[in-house]
Amino acid sequence: IKNPKKLDKNQIFEEQKKREFINKLSELLNEQELIMEETFNEAANRGKFKQSSEGSGGRTSKERQENLRNTLGNIMRDIGESENEIPQELGRADRAMRQATRELEGGRPDQASNAQGRATEMLRRGMDRMRYNNNLAENSSTQQEENIENQYKKNFSDSNNNLEYQGTSSGGSIEIPKSVKIQKAQKIAK
């Protein structure tokens with residue numbers, strides 16, 4: 001009888017590929033946030049002074065945005081080739097990046113930064129979807145489950161020690177341990 005807790009080589013390889021994709025998406029997200037900040041500043045400074053010549057600052061925001069969209073397309077293609085499901089959110093991020101490029105091309109940095117904001121949000125959601133959908137292999141080990149349970153207990157006790165900033169009107173936030181509930185549900189489903 002095969003030991004259900006032992007991961008086969010294919011599962012391990014798939015997990016490694018998934019982590020690589022998530023790392024690439026994380027780098028892409030960071031770059032998108034930088035471009036969005038530049039675009040926002042461009043929109044804010046628009047009325048203050050006329051911009052210098054087009055080529056003075058190296059590549060324009062529009063070119064960088066288009067390159068970023070091409071990189072996302074390559075990552076999505078690689079995810080598809082690795083037989084993983086491509087999260088819908090990545091397609092939405094691609095559309096938002098395309099719109100941001102059009103807005104930059106049309107000289108509307110304020111609307112472009114809105115589209116870039118949607119792109120960053122969709123990238124985050126896509127990364128989360130990849131993390132949660134592919135935790136099945138990790139969940140099969142009891143040690144992983146114990147680690148998650150211990151982390152949950154630690155987070156709960158840490159958050160209770162500082163009740164002053166826990167979701168109050170002073171701007172705190174309560175962290176809901178969704179991953180533990182998801183993993184328990186996956187364990188029950190198995």
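In the chain, residues 24 or more positions apart account for 75% of the contacts with a separation of 6 or more. The model from which this value is computed is a predicted one. The chain contains 7 helices and 0 strands, and its elements, read from the N terminus on, follow the order α-α-α-α-α-α-α. Of the 190 residues of the chain, 28% count as buried.

The pairing of helix 1 with helix 2 was examined next. Helix 1 spans residues 9–45 and helix 2 spans residues 61–81, and the axes of these two helices come within 10 Å and cross at roughly 160 degrees. Because angles over 145 degrees count as roughly antiparallel, helix 1 is described as roughly antiparallel to helix 2. The crossing in which helix 1 passes helix 2 is left-handed. On the side of helix 1, the residues that meet helix 2 are Phe 21, Lys 24, Leu 25, Leu 28, Glu 31, Gln 32, Leu 34, Ile 35, Glu 38, Thr 39 and Glu 42, whereas helix 2 contributes Ser 61, Arg 64, Gln 65, Leu 68, Thr 71, Leu 72, Ile 75, Asp 78 and Ile 79. When these residues are sorted by class, the contact of helix 1 with helix 2 has 9 nonpolar, 5 polar and 6 charged residues.

With its neighbours within four places in sequence left aside, Asp 94 is in contact with Arg 69 and Leu 72. Leu 72 is also among the residues of helix 2 that meet helix 1. As for Arg 69, its side chain makes a polar contact with the side chain of Asp 94, at 3.4 Å.

The second residue, Arg 19, is found in helix 1. Its relative accessible area is 44%, so that Arg 19 is classed as partly exposed, a class that lies between the limits of 20% for buried and 50% for exposed residues. In sequence, Arg 19 and Met 127 are 108 residues apart, while in space the C-alpha to C-alpha distance between Arg 19 and Met 127 is 9.8 Å.

Conventions: Residues are numbered from 1 along each chain as its sequence is written. This is a predicted model: local features need pLDDT of at least 70, side-chain atom pairs count only at pLDDT 80 or more; totals for chains, interfaces and linings use all residues. Side-chain values use heavy atoms; hydrogens and water are left out. Axes are lines fitted to C-alpha atoms, for helices over the stretch in contact, and angles run from 0 to 180 degrees between N-to-C directions. Helices (H or I, at least four residues) and strands (E, at least two) are DSSP runs, numbered from the N terminus. Angles under 35 degrees count as roughly parallel, over 145 as roughly antiparallel, 65 to 115 as roughly perpendicular and the rest as oblique. A crossing is left-handed if the near helix is turned anticlockwise from the far one by less than a right angle, and right-handed if clockwise. Contact means heavy atoms within 4.5 Å. Ala, Val, Leu, Ile, Met, Phe, Trp, Tyr, Cys and Pro count as nonpolar, Asp, Glu, Lys and Arg as charged, and the others, Gly among them, as polar. A polar contact is a pair of N or O atoms within 3.5 Å; within protein, one must be able to donate a hydrogen and the other to accept it, and residues adjacent in sequence count only if both atoms are side-chain atoms. Buried means under 20% relative accessible area, exposed over 50%, partly exposed in between (1.4 Å probe, protein chains only).
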